[in-house]
Amino acid sequence: MGVRELRLVVTADDYERALRFYRDVLGLPELADFSSEDGRVRLLDAGRATLELVDARQAEFIDRVEVGRRVAGHIRVAFEVGDAARVTAELAEAGAQVIAAPTRTPWGSLNARLEGEAGLQLTLFEELGEG
C-alpha cells in the first residue's frame with residue numbers, strides 16, 4: 001500500500017499572514033478549504049514532497065550554515081496511507097508510541113497520532129471519501 005502523500009502541517013499564530021505569504025506571495029496554489037466553525041485550514045499545493053532524514057550533527061551544520069546557530073525544532077508530519085489502522089499497528093510494533101488511535105474526523109478521514117523515531121510527531125491519515 002505504501003505512503004501516498006506527505007503533508008506538512010504548520011500551525012500559524014497569524015493565520016491570515018501565513019496564508020497570504022505561502023499562497024499569494026510564494027505562489028502555492030490553493031487545493032482545498034476545510035475551514036469550519038472549529039478553525040481555519042487551507043490545503044496548499046507544494047508540489048512533490050520528500051522526507052529528508054538527517055542526524056543531529058547534520059541538522060546543526062545546516063542551521064549553522066543557513067542561520068549561524070542552532071534554531072530548528074521538531075514539526076508534525078502527516079502521511080496519507082491506505083489503511084490507517086494497519087499502518088498505526090505496524091509503526092507501534094516497530095517502536096512508535098501511539099498518542100491517539102485512528103479516529104474518524106469531521107473532514108472525512110481516519111487519523112492517528114504517533115510519536116515516531118527521532119521525536120517526530122506523526123499523523124497518519126486515511127481518506128475515507130464521501131458517505
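The entries below follow the order in which I looked things up.

**Ground rules.** I noted that this is a predicted model, in which local features need pLDDT of at least 70 and side-chain atom pairs count only at pLDDT 80 or more, while totals for chains, interfaces and linings use all residues. Residues are numbered from 1 along each chain as its sequence is written, and side-chain values use heavy atoms, with hydrogens and water left out.

**The sheet.** I looked up the strand order and found an open sheet of 5 strands, S1-S4-S7-S6-S5, with mixed pairing; strands (E, at least two residues) and helices (H or I, at least four) are DSSP runs numbered from the N terminus, and two strands pair if DSSP finds at least two bridges between them. The edge strands are S1 and S5 (97-104), each of which pairs on one side only. Neighbouring strands of this sheet are turned by 20° against each other on average, direction ignored, where axes are lines fitted to C-alpha atoms, for helices over the stretch in contact, and angles run from 0 to 180 degrees between N-to-C directions. I then saw that helix H3 (residues 84-93) packs on the sheet, touching S4, S5, S6 and S7, and that its direction makes about 155° with that of S7.

**Strand S4.** I followed S4 to both of its partners: S1 (residues 3-9) runs antiparallel to S4 and is joined to it by 6 bridges, with Val3 having Val81 as its bridge partner. With S7 (residues 121-127), S4 pairs in the parallel sense over 5 bridges, and there Ala78 stands opposite Thr123. S4 is mostly covered, since 5 of its 6 residues are buried (under 20% relative accessible area, with exposed over 50% and partly exposed in between, 1.4 Å probe, protein chains only).

**Glu80.** Which side chain of opposite charge is nearest to Glu80? I found that Glu80, which lies in S4 (residues 76-81), is buried yet has no salt bridge, and that Arg4 is the nearest such side chain, 4.6 Å away. A salt bridge needs a side-chain nitrogen of Lys or Arg within 4 Å of a carboxyl oxygen of Asp or Glu; Lys and Arg count as positive and Asp and Glu as negative, with His and the chain ends not counted. Leaving aside neighbours within four places in sequence, Glu80 is in contact (heavy atoms within 4.5 Å) with Gly2, Val3, Arg4, Glu5, Phe125 and Glu127.
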